[in-house]
Amino acid sequence: MHGRLKVKTSEEQAEAKRLEREQKLKLYQSATQAIFQKRQAGELDESVLELTSQILGANPDFATLWNCRREVLQQLEAQKSPEELAALVKAELGFLESCLRVNPKSYGTWHHRCWLLGRLPEPNWVRELELCARFLEVDERNFHCWDYRRFVAAQAAVPPAEELAFTDSLITRNFSNYSSWHYRSCLLPKLHPHPDSGPQGRLPEDVLLKELELVQNAFFTDPNDQSAWFYHRWLLGRADPQDALRCLHVSRDEACVTVSFSQPLLVDSRTEILLLMVDESPLIVEWRTPDGRNRPSHVWLCDLPAASLNDQLPQHTFRVIWTAGDAQKECVLFKGHQEGWCRDSTTDEQLFRCELSVEKSTVLQSELESCKELQELEPENKWCLLTIILLMRALDPLLYEKETLQYFQTLKAVDPMRAAYLDDLRSKFLLENSVLRMEYAEVRVLHLAHKDLTALYHVEQLLLVTHLDLSHNRLRALPPALAALRCLEVLQASDNAIESLNGVTNLPRLQELQLCNNHLQQPAVLQPLASCPRLALVNLQGNPLCQAVDILEHLAELLPSVDSILT
(Lines give C-alpha, C1' and ligand atoms only; values in the text may rest on other atoms or scores of the structure.)
Protein backbone atom coordinates (compact mmCIF):
# COMPACT_ATOMS: atom_id res chain seq x y z
CA MET A 1 0.00 0.00 0.00
CA HIS A 2 3.12 2.19 -0.15
CA GLY A 3 2.59 3.69 3.33
CA ARG A 4 -0.97 4.85 2.84
CA LEU A 5 -3.18 4.68 5.97
CA LYS A 6 -5.94 2.13 5.99
CA VAL A 7 -9.38 3.75 6.25
CA LYS A 8 -11.78 1.80 8.45
CA THR A 9 -15.16 0.92 7.03
CA SER A 10 -18.30 2.38 8.64
CA GLU A 11 -19.18 -0.98 10.20
CA GLU A 12 -15.73 -1.24 11.79
CA GLN A 13 -16.01 2.30 13.12
CA ALA A 14 -19.44 1.62 14.60
CA GLU A 15 -18.22 -1.55 16.29
CA ALA A 16 -15.17 0.24 17.71
CA LYS A 17 -17.36 2.98 19.12
CA ARG A 18 -19.73 0.43 20.62
CA LEU A 19 -16.86 -1.36 22.36
CA GLU A 20 -15.50 1.98 23.59
CA ARG A 21 -18.89 2.95 25.04
CA GLU A 22 -19.23 -0.41 26.76
CA GLN A 23 -15.80 -0.02 28.32
CA LYS A 24 -16.61 3.49 29.54
CA LEU A 25 -19.94 2.29 30.94
CA LYS A 26 -18.24 -0.50 32.90
CA LEU A 27 -15.73 1.94 34.36
CA TYR A 28 -18.56 4.41 35.13
CA GLN A 29 -20.64 1.77 36.90
CA SER A 30 -17.75 0.33 38.88
CA ALA A 31 -16.59 3.78 40.00
CA THR A 32 -20.12 4.76 41.03
CA GLN A 33 -20.58 1.53 42.94
CA ALA A 34 -17.25 2.01 44.74
CA ILE A 35 -18.21 5.58 45.72
CA PHE A 36 -21.54 4.56 47.18
CA GLN A 37 -19.98 1.66 49.06
CA LYS A 38 -17.33 3.88 50.64
CA ARG A 39 -19.96 6.52 51.47
CA GLN A 40 -22.17 3.93 53.12
CA ALA A 41 -19.21 2.63 55.11
CA GLY A 42 -18.31 6.17 56.22
CA GLU A 43 -14.95 6.09 54.43
CA LEU A 44 -14.97 9.71 53.32
CA ASP A 45 -11.34 10.17 52.35
CA GLU A 46 -9.39 11.57 49.42
CA SER A 47 -9.93 8.40 47.41
CA VAL A 48 -13.60 9.39 47.16
CA LEU A 49 -12.49 12.73 45.69
CA GLU A 50 -10.46 10.85 43.11
CA LEU A 51 -13.30 8.49 42.20
CA THR A 52 -15.91 11.27 41.92
CA SER A 53 -13.47 13.28 39.80
CA GLN A 54 -13.35 10.48 37.24
CA ILE A 55 -17.14 10.61 36.78
CA LEU A 56 -17.84 14.33 37.28
CA GLY A 57 -15.06 15.22 34.88
CA ALA A 58 -17.11 13.61 32.13
CA ASN A 59 -20.61 14.19 33.54
CA PRO A 60 -20.79 17.22 35.87
CA ASP A 61 -24.56 16.87 36.28
CA PHE A 62 -24.38 13.92 38.69
CA ALA A 63 -25.74 15.87 41.68
CA THR A 64 -25.32 13.11 44.26
CA LEU A 65 -21.57 12.98 43.63
CA TRP A 66 -21.24 16.69 44.36
CA ASN A 67 -22.91 15.98 47.69
CA CYS A 68 -20.33 13.27 48.30
CA ARG A 69 -17.48 15.69 47.59
CA ARG A 70 -18.94 18.21 50.04
CA GLU A 71 -19.12 15.54 52.73
CA VAL A 72 -15.49 14.60 52.10
CA LEU A 73 -14.30 18.21 52.15
CA GLN A 74 -16.12 18.86 55.41
CA GLN A 75 -14.44 15.80 56.88
CA LEU A 76 -11.00 16.84 55.68
CA GLU A 77 -11.36 20.38 57.09
CA ALA A 78 -10.84 18.97 60.59
CA GLN A 79 -7.94 16.72 59.56
CA LYS A 80 -5.76 18.87 57.32
CA SER A 81 -3.31 21.62 58.24
CA PRO A 82 -4.08 25.12 56.91
CA GLU A 83 -1.45 24.71 54.19
CA GLU A 84 -2.78 21.31 53.11
CA LEU A 85 -6.33 22.61 53.17
CA ALA A 86 -5.41 25.62 51.02
CA ALA A 87 -3.83 23.30 48.45
CA LEU A 88 -6.92 21.10 48.52
CA VAL A 89 -9.22 24.10 47.93
CA LYS A 90 -7.02 25.35 45.09
CA ALA A 91 -7.20 21.94 43.45
CA GLU A 92 -10.97 21.83 43.93
CA LEU A 93 -11.40 25.23 42.28
CA GLY A 94 -9.29 24.07 39.36
CA PHE A 95 -11.31 20.90 39.04
CA LEU A 96 -14.54 22.93 39.04
CA GLU A 97 -13.24 25.07 36.18
CA SER A 98 -12.49 21.94 34.15
CA CYS A 99 -16.03 20.67 34.82
CA LEU A 100 -17.48 24.00 33.69
CA ARG A 101 -15.53 23.75 30.48
CA VAL A 102 -17.22 20.38 29.91
CA ASN A 103 -20.68 21.84 30.68
CA PRO A 104 -20.84 25.60 31.37
CA LYS A 105 -24.51 25.25 32.35
CA SER A 106 -24.13 22.59 35.01
CA TYR A 107 -26.35 23.42 37.98
CA GLY A 108 -24.35 21.18 40.32
CA THR A 109 -20.97 22.65 39.40
CA TRP A 110 -21.98 26.29 39.91
CA HIS A 111 -23.75 25.43 43.15
CA HIS A 112 -20.72 23.57 44.44
CA ARG A 113 -18.51 26.56 43.65
CA CYS A 114 -20.84 28.84 45.63
CA TRP A 115 -20.74 26.42 48.55
CA LEU A 116 -16.95 26.13 48.46
CA LEU A 117 -16.27 29.87 48.33
CA GLY A 118 -18.83 30.47 51.05
CA ARG A 119 -16.69 28.40 53.45
CA LEU A 120 -13.41 30.15 52.73
CA PRO A 121 -12.23 32.81 55.18
CA GLU A 122 -10.87 35.13 52.45
CA PRO A 123 -12.11 34.16 48.98
CA ASN A 124 -10.51 35.78 45.97
CA TRP A 125 -13.65 37.50 44.64
CA VAL A 126 -11.71 39.44 42.00
CA ARG A 127 -10.61 36.17 40.45
CA GLU A 128 -14.20 34.91 40.51
CA LEU A 129 -15.41 38.01 38.67
CA GLU A 130 -12.73 37.40 36.05
CA LEU A 131 -13.91 33.78 35.78
CA CYS A 132 -17.46 35.00 35.13
CA ALA A 133 -16.23 37.42 32.49
CA ARG A 134 -14.38 34.60 30.71
CA PHE A 135 -17.39 32.32 30.61
CA LEU A 136 -19.66 35.14 29.49
CA GLU A 137 -17.22 35.81 26.66
CA VAL A 138 -17.96 32.30 25.46
CA ASP A 139 -21.74 32.46 26.04
CA GLU A 140 -23.17 35.79 27.12
CA ARG A 141 -26.60 34.20 27.69
CA ASN A 142 -25.39 31.65 30.24
CA PHE A 143 -27.88 32.44 33.00
CA HIS A 144 -26.06 30.06 35.40
CA CYS A 145 -22.99 32.24 35.10
CA TRP A 146 -25.10 35.39 35.50
CA ASP A 147 -26.60 34.00 38.70
CA TYR A 148 -23.13 33.19 39.96
CA ARG A 149 -21.90 36.68 39.08
CA ARG A 150 -24.74 38.23 41.09
CA PHE A 151 -23.75 36.00 44.01
CA VAL A 152 -20.09 37.04 43.73
CA ALA A 153 -20.94 40.73 43.34
CA ALA A 154 -23.11 40.60 46.46
CA GLN A 155 -20.47 38.78 48.51
CA ALA A 156 -17.71 41.11 47.35
CA ALA A 157 -19.90 44.20 47.83
CA VAL A 158 -19.21 45.34 44.27
CA PRO A 159 -20.80 48.78 43.77
CA PRO A 160 -23.92 48.58 41.56
CA ALA A 161 -22.41 51.28 39.32
CA GLU A 162 -19.53 48.95 38.41
CA GLU A 163 -21.90 46.10 37.60
CA LEU A 164 -24.03 48.46 35.52
CA ALA A 165 -20.93 49.45 33.57
CA PHE A 166 -20.26 45.75 32.99
CA THR A 167 -23.73 45.31 31.48
CA ASP A 168 -23.05 48.39 29.32
CA SER A 169 -20.02 46.71 27.81
CA LEU A 170 -21.89 43.51 26.98
CA ILE A 171 -24.97 45.25 25.60
CA THR A 172 -22.84 47.54 23.46
CA ARG A 173 -21.14 44.47 22.03
CA ASN A 174 -24.40 42.63 21.40
CA PHE A 175 -27.89 44.04 21.97
CA SER A 176 -29.31 40.51 21.97
CA ASN A 177 -28.37 39.84 25.58
CA TYR A 178 -31.47 39.34 27.69
CA SER A 179 -29.50 38.57 30.85
CA SER A 180 -27.68 41.91 30.67
CA TRP A 181 -30.95 43.79 30.20
CA HIS A 182 -32.47 41.91 33.12
CA TYR A 183 -29.46 42.66 35.33
CA ARG A 184 -29.94 46.38 34.55
CA SER A 185 -33.52 46.17 35.80
CA CYS A 186 -32.14 44.85 39.12
CA LEU A 187 -29.31 47.38 39.40
CA LEU A 188 -31.02 50.64 38.41
CA PRO A 189 -33.56 50.73 41.29
CA LYS A 190 -30.65 50.18 43.71
CA LEU A 191 -28.61 52.95 42.13
CA HIS A 192 -31.51 55.39 41.94
CA PRO A 193 -33.98 54.68 44.73
CA HIS A 194 -37.09 56.84 44.61
CA PRO A 195 -37.45 58.92 47.79
CA ASP A 196 -41.17 58.17 48.13
CA SER A 197 -41.48 54.56 47.07
CA GLY A 198 -38.26 52.87 48.12
CA PRO A 199 -35.75 50.87 46.07
CA GLN A 200 -38.43 49.25 43.90
CA GLY A 201 -40.07 52.54 42.90
CA ARG A 202 -40.03 54.28 39.56
CA LEU A 203 -36.76 55.58 38.15
CA PRO A 204 -35.78 59.26 38.14
CA GLU A 205 -36.74 61.14 35.01
CA ASP A 206 -33.23 61.65 33.63
CA VAL A 207 -32.27 57.99 34.16
CA LEU A 208 -35.48 56.74 32.57
CA LEU A 209 -35.04 58.93 29.50
CA LYS A 210 -31.46 57.70 29.07
CA GLU A 211 -32.58 54.07 29.32
CA LEU A 212 -35.35 54.66 26.79
CA GLU A 213 -32.82 56.05 24.35
CA LEU A 214 -30.49 53.07 24.89
CA VAL A 215 -33.19 50.46 24.41
CA GLN A 216 -34.59 52.26 21.37
CA ASN A 217 -31.20 52.00 19.69
CA ALA A 218 -31.25 48.29 20.46
CA PHE A 219 -34.57 47.34 18.96
CA PHE A 220 -34.04 49.52 15.92
CA THR A 221 -30.74 47.73 15.36
CA ASP A 222 -32.33 44.28 15.55
CA PRO A 223 -36.16 44.56 15.48
CA ASN A 224 -36.68 40.80 15.67
CA ASP A 225 -34.73 40.25 18.89
CA GLN A 226 -37.05 40.19 21.88
CA SER A 227 -34.51 41.13 24.59
CA ALA A 228 -34.68 44.90 24.15
CA TRP A 229 -38.45 44.86 23.65
CA PHE A 230 -38.90 43.13 26.99
CA TYR A 231 -36.68 45.65 28.72
CA HIS A 232 -38.58 48.51 27.09
CA ARG A 233 -41.81 47.04 28.44
CA TRP A 234 -40.28 46.96 31.92
CA LEU A 235 -39.38 50.64 31.62
CA LEU A 236 -42.92 51.54 30.62
CA GLY A 237 -44.30 49.49 33.48
CA ARG A 238 -42.48 51.27 36.29
CA ALA A 239 -45.68 52.74 37.71
CA ASP A 240 -46.63 50.55 40.65
CA PRO A 241 -49.34 52.45 42.54
CA GLN A 242 -48.46 53.71 45.97
CA ASP A 243 -50.14 52.00 48.87
CA ALA A 244 -53.46 53.72 49.44
CA LEU A 245 -56.84 53.16 51.03
CA ARG A 246 -59.00 53.95 48.00
CA CYS A 247 -62.59 53.77 49.18
CA LEU A 248 -64.64 53.41 52.36
CA HIS A 249 -68.31 52.41 52.19
CA VAL A 250 -70.82 52.00 55.04
CA SER A 251 -74.21 50.32 54.62
CA ARG A 252 -76.97 50.74 57.19
CA ASP A 253 -79.12 47.93 55.75
CA GLU A 254 -76.35 45.36 55.77
CA ALA A 255 -74.72 46.82 58.91
CA CYS A 256 -71.41 46.49 57.13
CA VAL A 257 -68.23 48.48 56.47
CA THR A 258 -66.27 47.82 53.27
CA VAL A 259 -62.83 49.18 52.31
CA SER A 260 -60.81 48.85 49.10
CA PHE A 261 -57.06 49.22 48.64
CA SER A 262 -54.66 49.94 45.80
CA GLN A 263 -52.86 46.62 46.41
CA PRO A 264 -54.02 43.18 47.58
CA LEU A 265 -53.61 42.82 51.34
CA LEU A 266 -53.90 40.03 53.87
CA VAL A 267 -55.60 41.55 56.89
CA ASP A 268 -54.97 39.78 60.19
CA SER A 269 -53.32 40.42 63.53
CA ARG A 270 -49.85 39.46 62.27
CA THR A 271 -49.62 41.27 58.91
CA GLU A 272 -51.83 44.20 57.90
CA ILE A 273 -53.96 45.67 60.68
CA LEU A 274 -57.14 47.70 60.14
CA LEU A 275 -58.63 49.72 62.99
CA LEU A 276 -62.25 50.83 62.89
CA MET A 277 -63.35 53.93 64.77
CA VAL A 278 -67.08 54.71 65.12
CA ASP A 279 -67.82 58.19 66.45
CA GLU A 280 -64.18 58.35 67.60
CA SER A 281 -64.48 55.15 69.66
CA PRO A 282 -62.56 52.02 68.65
CA LEU A 283 -64.68 49.05 67.64
CA ILE A 284 -63.44 45.47 67.67
CA VAL A 285 -64.53 43.75 64.46
CA GLU A 286 -63.52 40.76 62.36
CA TRP A 287 -62.42 41.55 58.80
CA ARG A 288 -63.08 39.16 55.91
CA THR A 289 -62.99 39.14 52.12
CA PRO A 290 -66.24 39.34 50.08
CA ASP A 291 -65.73 35.86 48.64
CA GLY A 292 -64.99 34.36 52.06
CA ARG A 293 -61.54 33.05 51.11
CA ASN A 294 -59.60 35.44 53.36
CA ARG A 295 -56.66 35.49 50.99
CA PRO A 296 -54.79 38.63 49.84
CA SER A 297 -57.51 40.87 48.42
CA HIS A 298 -58.13 44.45 47.33
CA VAL A 299 -61.42 44.52 49.25
CA TRP A 300 -62.13 43.73 52.91
CA LEU A 301 -65.31 44.11 54.94
CA CYS A 302 -66.64 43.68 58.47
CA ASP A 303 -70.04 43.44 60.13
CA LEU A 304 -71.18 46.18 62.49
CA PRO A 305 -72.73 45.35 65.86
CA ALA A 306 -76.35 46.48 66.09
CA ALA A 307 -75.49 48.87 68.91
CA SER A 308 -73.08 50.83 66.69
CA LEU A 309 -75.92 52.17 64.50
CA ASN A 310 -78.44 54.40 66.30
CA ASP A 311 -81.26 55.67 64.09
CA GLN A 312 -81.99 58.46 66.56
CA LEU A 313 -78.63 60.18 66.15
CA PRO A 314 -78.26 62.76 63.35
CA GLN A 315 -75.13 61.06 62.02
CA HIS A 316 -72.39 58.50 62.61
CA THR A 317 -68.72 59.02 61.70
CA PHE A 318 -66.73 56.00 60.55
CA ARG A 319 -62.97 56.06 60.26
CA VAL A 320 -60.75 53.17 59.12
CA ILE A 321 -57.04 53.36 59.94
CA TRP A 322 -54.60 51.21 57.98
CA THR A 323 -51.64 51.01 60.33
CA ALA A 324 -49.09 49.41 57.99
CA GLY A 325 -49.85 51.76 55.11
CA ASP A 326 -50.03 54.80 57.35
CA ALA A 327 -53.35 55.76 55.76
CA GLN A 328 -56.90 56.38 56.88
CA LYS A 329 -60.28 57.32 55.47
CA GLU A 330 -63.40 58.73 57.02
CA CYS A 331 -67.04 58.94 55.95
CA VAL A 332 -70.33 60.04 57.52
CA LEU A 333 -73.61 58.11 57.59
CA PHE A 334 -76.46 60.59 58.04
CA LYS A 335 -79.81 59.88 59.67
CA GLY A 336 -82.31 58.62 57.11
CA HIS A 337 -79.56 57.58 54.65
CA GLN A 338 -78.95 53.92 53.93
CA GLU A 339 -75.32 54.30 52.92
CA GLY A 340 -72.34 56.62 53.03
CA TRP A 341 -68.97 56.54 51.36
CA CYS A 342 -65.72 58.33 50.79
CA ARG A 343 -63.68 57.73 47.65
CA ASP A 344 -60.56 59.42 46.34
CA SER A 345 -61.02 61.39 43.16
CA THR A 346 -58.29 59.66 41.18
CA THR A 347 -56.84 60.20 37.73
CA ASP A 348 -55.63 57.66 35.20
CA GLU A 349 -52.02 58.37 36.23
CA GLN A 350 -52.83 57.40 39.81
CA LEU A 351 -54.75 54.28 38.80
CA PHE A 352 -53.12 52.65 35.80
CA ARG A 353 -50.02 54.53 34.60
CA CYS A 354 -47.26 56.89 35.73
CA GLU A 355 -47.57 60.64 35.50
CA LEU A 356 -45.81 62.09 32.45
CA SER A 357 -43.70 65.22 32.47
CA VAL A 358 -43.50 67.32 29.33
CA GLU A 359 -40.03 65.95 28.58
CA LYS A 360 -40.99 62.30 29.04
CA SER A 361 -44.18 62.76 27.08
CA THR A 362 -42.17 64.25 24.21
CA VAL A 363 -39.75 61.31 24.25
CA LEU A 364 -42.54 58.71 24.31
CA GLN A 365 -44.37 60.50 21.52
CA SER A 366 -41.20 60.44 19.45
CA GLU A 367 -40.76 56.73 20.20
CA LEU A 368 -44.35 56.08 19.14
CA GLU A 369 -43.81 57.73 15.78
CA SER A 370 -40.52 55.88 15.32
CA CYS A 371 -42.15 52.54 16.13
CA LYS A 372 -44.91 53.24 13.65
CA GLU A 373 -42.29 53.90 11.00
CA LEU A 374 -40.52 50.67 11.95
CA GLN A 375 -43.82 48.80 11.79
CA GLU A 376 -44.29 49.95 8.22
CA LEU A 377 -40.92 48.42 7.38
CA GLU A 378 -41.50 45.34 9.56
CA PRO A 379 -45.31 44.83 9.33
CA GLU A 380 -45.19 41.38 10.97
CA ASN A 381 -42.96 42.29 13.91
CA LYS A 382 -45.13 41.41 16.90
CA TRP A 383 -42.83 43.13 19.41
CA CYS A 384 -43.09 46.40 17.53
CA LEU A 385 -46.88 46.17 17.39
CA LEU A 386 -47.19 45.40 21.10
CA THR A 387 -44.82 48.25 21.98
CA ILE A 388 -46.92 50.67 19.92
CA ILE A 389 -49.95 49.63 21.97
CA LEU A 390 -48.07 50.06 25.26
CA LEU A 391 -46.74 53.47 24.22
CA MET A 392 -50.23 54.66 23.39
CA ARG A 393 -51.41 53.40 26.77
CA ALA A 394 -48.60 55.28 28.48
CA LEU A 395 -49.34 58.51 26.61
CA ASP A 396 -53.13 58.76 26.70
CA PRO A 397 -55.29 55.60 26.93
CA LEU A 398 -58.57 57.32 26.16
CA LEU A 399 -57.29 59.42 23.28
CA TYR A 400 -55.71 56.40 21.57
CA GLU A 401 -58.43 53.85 22.38
CA LYS A 402 -59.76 53.41 18.83
CA GLU A 403 -56.26 53.19 17.36
CA THR A 404 -55.20 50.76 20.06
CA LEU A 405 -58.04 48.39 19.18
CA GLN A 406 -57.00 48.48 15.53
CA TYR A 407 -53.43 47.55 16.45
CA PHE A 408 -54.75 44.66 18.58
CA GLN A 409 -56.50 43.27 15.51
CA THR A 410 -53.27 43.51 13.50
CA LEU A 411 -51.26 41.92 16.30
CA LYS A 412 -53.67 38.98 16.60
CA ALA A 413 -53.33 38.34 12.88
CA VAL A 414 -49.52 38.43 13.14
CA ASP A 415 -49.34 36.33 16.33
CA PRO A 416 -52.34 33.94 16.31
CA MET A 417 -50.67 31.60 18.83
CA ARG A 418 -51.17 34.25 21.52
CA ALA A 419 -54.63 35.35 20.47
CA ALA A 420 -56.19 34.38 23.82
CA TYR A 421 -53.56 36.36 25.77
CA LEU A 422 -54.04 39.36 23.50
CA ASP A 423 -57.83 39.18 23.92
CA ASP A 424 -57.41 39.25 27.70
CA LEU A 425 -54.93 42.14 27.50
CA ARG A 426 -57.32 44.05 25.25
CA SER A 427 -60.13 43.39 27.75
CA LYS A 428 -57.96 44.71 30.56
CA PHE A 429 -57.24 47.95 28.72
CA LEU A 430 -60.90 48.46 27.81
CA LEU A 431 -61.95 47.96 31.42
CA GLU A 432 -59.35 50.48 32.55
CA ASN A 433 -60.73 53.01 30.10
CA SER A 434 -64.28 52.35 31.29
CA VAL A 435 -63.25 52.82 34.91
CA LEU A 436 -61.59 56.12 34.01
CA ARG A 437 -64.70 57.42 32.25
CA MET A 438 -66.81 56.36 35.21
CA GLU A 439 -64.43 58.16 37.59
CA TYR A 440 -64.55 61.35 35.56
CA ALA A 441 -68.37 61.29 35.33
CA GLU A 442 -68.79 60.20 38.97
CA VAL A 443 -71.51 57.71 38.07
CA ARG A 444 -72.42 54.35 39.58
CA VAL A 445 -73.63 52.72 36.36
CA LEU A 446 -71.14 50.94 34.10
CA HIS A 447 -71.96 49.82 30.56
CA LEU A 448 -69.54 47.22 29.16
CA ALA A 449 -71.81 45.62 26.55
CA HIS A 450 -70.65 44.81 23.00
CA LYS A 451 -66.93 45.22 23.83
CA ASP A 452 -65.85 41.66 22.99
CA LEU A 453 -64.52 41.16 26.53
CA THR A 454 -62.97 37.80 27.41
CA ALA A 455 -62.04 38.53 31.04
CA LEU A 456 -62.86 40.95 33.87
CA TYR A 457 -60.15 43.04 35.53
CA HIS A 458 -59.99 45.81 38.14
CA VAL A 459 -63.23 44.68 39.77
CA GLU A 460 -62.01 46.27 43.01
CA GLN A 461 -62.48 49.66 41.33
CA LEU A 462 -66.22 49.00 41.02
CA LEU A 463 -67.09 48.89 44.71
CA LEU A 464 -69.83 51.58 44.39
CA VAL A 465 -71.35 50.39 41.09
CA THR A 466 -75.11 49.68 41.29
CA HIS A 467 -75.80 48.67 37.67
CA LEU A 468 -73.36 46.63 35.56
CA ASP A 469 -74.02 45.62 31.95
CA LEU A 470 -71.75 42.86 30.60
CA SER A 471 -74.04 41.71 27.79
CA HIS A 472 -72.86 40.60 24.34
CA ASN A 473 -69.26 39.72 25.21
CA ARG A 474 -67.22 36.51 25.28
CA LEU A 475 -67.06 35.93 29.03
CA ARG A 476 -66.93 32.29 30.11
CA ALA A 477 -67.37 32.88 33.85
CA LEU A 478 -68.35 35.45 36.43
CA PRO A 479 -65.19 35.30 38.59
CA PRO A 480 -65.03 35.23 42.41
CA ALA A 481 -63.65 38.80 42.41
CA LEU A 482 -67.13 39.99 41.40
CA ALA A 483 -68.19 39.46 45.01
CA ALA A 484 -66.51 42.80 45.76
CA LEU A 485 -69.44 44.68 44.17
CA ARG A 486 -71.29 45.20 47.43
CA CYS A 487 -73.63 47.85 46.02
CA LEU A 488 -74.59 45.98 42.85
CA GLU A 489 -78.36 45.84 42.26
CA VAL A 490 -78.67 44.89 38.58
CA LEU A 491 -76.30 42.61 36.67
CA GLN A 492 -76.84 42.06 32.97
CA ALA A 493 -74.67 39.31 31.48
CA SER A 494 -76.76 37.91 28.62
CA ASP A 495 -75.29 36.70 25.33
CA ASN A 496 -71.93 35.51 26.63
CA ALA A 497 -70.47 32.01 27.02
CA ILE A 498 -70.81 31.86 30.80
CA GLU A 499 -70.50 28.42 32.37
CA SER A 500 -69.78 29.40 35.99
CA LEU A 501 -71.43 31.84 38.43
CA ASN A 502 -68.88 31.63 41.25
CA GLY A 503 -68.63 35.42 41.32
CA VAL A 504 -72.31 35.93 42.10
CA THR A 505 -71.79 35.13 45.76
CA ASN A 506 -72.79 37.14 48.83
CA LEU A 507 -73.99 40.14 46.79
CA PRO A 508 -76.28 41.67 49.43
CA ARG A 509 -78.11 44.13 47.14
CA LEU A 510 -78.41 42.14 43.92
CA GLN A 511 -82.07 42.22 42.80
CA GLU A 512 -82.01 41.41 39.08
CA LEU A 513 -79.78 39.03 37.12
CA GLN A 514 -80.00 38.66 33.33
CA LEU A 515 -78.26 35.52 32.03
CA CYS A 516 -79.98 34.85 28.70
CA ASN A 517 -78.18 32.90 25.96
CA ASN A 518 -75.20 31.58 27.92
CA HIS A 519 -73.74 28.08 28.41
CA LEU A 520 -75.20 27.17 31.80
CA GLN A 521 -75.57 23.39 31.64
CA GLN A 522 -76.80 22.16 35.03
CA PRO A 523 -79.07 23.75 37.66
CA ALA A 524 -76.32 23.19 40.26
CA VAL A 525 -74.23 26.00 38.75
CA LEU A 526 -76.88 28.42 40.09
CA GLN A 527 -76.14 27.48 43.70
CA PRO A 528 -74.15 30.72 44.38
CA LEU A 529 -77.34 32.72 43.73
CA ALA A 530 -78.84 31.34 46.93
CA SER A 531 -76.45 33.59 48.89
CA CYS A 532 -77.99 36.78 47.44
CA PRO A 533 -80.83 37.64 49.89
CA ARG A 534 -82.54 40.33 47.74
CA LEU A 535 -82.43 38.56 44.39
CA ALA A 536 -85.93 38.78 42.91
CA LEU A 537 -85.59 38.20 39.14
CA VAL A 538 -83.39 35.69 37.30
CA ASN A 539 -83.66 35.40 33.51
CA LEU A 540 -82.16 32.16 32.17
CA GLN A 541 -83.77 32.01 28.74
CA GLY A 542 -81.64 30.44 26.01
CA ASN A 543 -79.42 28.35 28.33
CA PRO A 544 -79.02 24.56 27.88
CA LEU A 545 -80.27 23.90 31.42
CA CYS A 546 -83.71 25.28 30.45
CA GLN A 547 -84.35 22.33 28.13
CA ALA A 548 -85.39 20.05 30.99
CA VAL A 549 -89.15 19.64 31.31
CA ASP A 550 -89.26 20.10 35.09
CA ILE A 551 -86.60 22.83 35.22
CA LEU A 552 -88.84 25.39 36.95
CA GLU A 553 -89.48 22.99 39.83
CA HIS A 554 -85.74 22.35 40.21
CA LEU A 555 -84.96 26.05 40.16
CA ALA A 556 -87.74 26.86 42.60
CA GLU A 557 -86.23 24.37 45.06
CA LEU A 558 -82.69 25.67 44.43
CA LEU A 559 -83.60 29.37 44.67
CA PRO A 560 -86.64 29.60 46.99
CA SER A 561 -86.12 33.31 47.73
CA VAL A 562 -86.26 34.39 44.05
CA ASP A 563 -89.67 35.80 43.07
CA SER A 564 -89.44 35.32 39.30
CA ILE A 565 -87.41 32.84 37.23
CA LEU A 566 -87.68 33.20 33.46
CA THR A 567 -86.80 30.17 31.36
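I began with what covers the buried residues of α5: the list includes α3 (63-77), α4 (82-102), α6 (125-138) and α7 (143-155). Before going on, I noted that this is a predicted model, where local features need pLDDT of at least 70, side-chain atom pairs count only at pLDDT 80 or more, and totals for chains, interfaces and linings use all residues. Residues are numbered from 1 along each chain as its sequence is written, and side-chain values use heavy atoms, with hydrogens and water left out.

My terms: helices (H or I, at least four residues) and strands (E, at least two) are DSSP runs, numbered from the N terminus. Buried means under 20% relative accessible area, exposed over 50%, and partly exposed in between (1.4 Å probe, protein chains only).

Which residues of α5 are buried? I listed Gly108, Thr109, Trp110, His112, Arg113, Trp115, Leu116 and Leu117. Helix α5 (residues 107-118) has 12 residues and spans 17 Å from first C-alpha to last, close to the 16 Å expected at 1.5 Å a residue. That expected span is 1.5 Å times one less than the number of residues.

I then turned to α7, which has 13 residues and reaches 18 Å between its end C-alphas, close to the expected 18 Å. Its buried residues are His144, Cys145, Trp146, Tyr148, Arg149, Val152 and Ala153. Their cover includes α5, α6, α8 (160-173) and α9 (178-191).

**Helices α10 and α13**

How do α10 and α13 pack? Helix α10 (residues 205-221) meets helix α13 (residues 358-377) at an angle of about 10°, with the axes 11 Å apart. Axes here are lines fitted to C-alpha atoms, for helices over the stretch in contact, and angles run from 0 to 180 degrees between N-to-C directions. That makes α10 roughly parallel to α13 (the cut-off is under 35 degrees).

For the contact (heavy atoms within 4.5 Å), I found Leu208, Leu212 and Phe219 among the α10 residues, and Val363, Leu364 and Leu374 among those of α13. The contact residues divide into 9 nonpolar, 2 polar and 4 charged. Nonpolar covers Ala, Val, Leu, Ile, Met, Phe, Trp, Tyr, Cys and Pro, charged covers Asp, Glu, Lys and Arg, and the others, Gly among them, are polar.

**The sheet around β1**

Next I traced an open sheet of 4 strands, in the order β5-β2-β1-β8, with antiparallel pairing. Two strands pair if DSSP finds at least two bridges between them. Neighbouring strands are turned by 15° against each other on average, direction ignored.

β1 (residues 245-251) pairs with β2 (residues 256-265) over 6 bridges. In β2, Thr258 is the bridge partner of His249, while Ser260 stands opposite Cys247. On the β8 side I counted 5 bridges, with Ser251 partnered by Glu339.

Is β1 enclosed or open? I found 7 of its 7 residues buried, so β1 is largely enclosed by the rest of the structure.

**Positive phi values**

Ala255 takes a positive phi near 50° in the β1-β2 hairpin, which has 4 residues between the strands. Glu280, in the loop between β3 (274-278) and β4 (281-283), has phi near 70°. At 49% relative accessibility, Glu280 counts as partly exposed. Asp495 has a positive phi of about 60° although it is not a glycine.

Conventions
Parallel < 35°, antiparallel > 145°, perpendicular 65-115°, else oblique.
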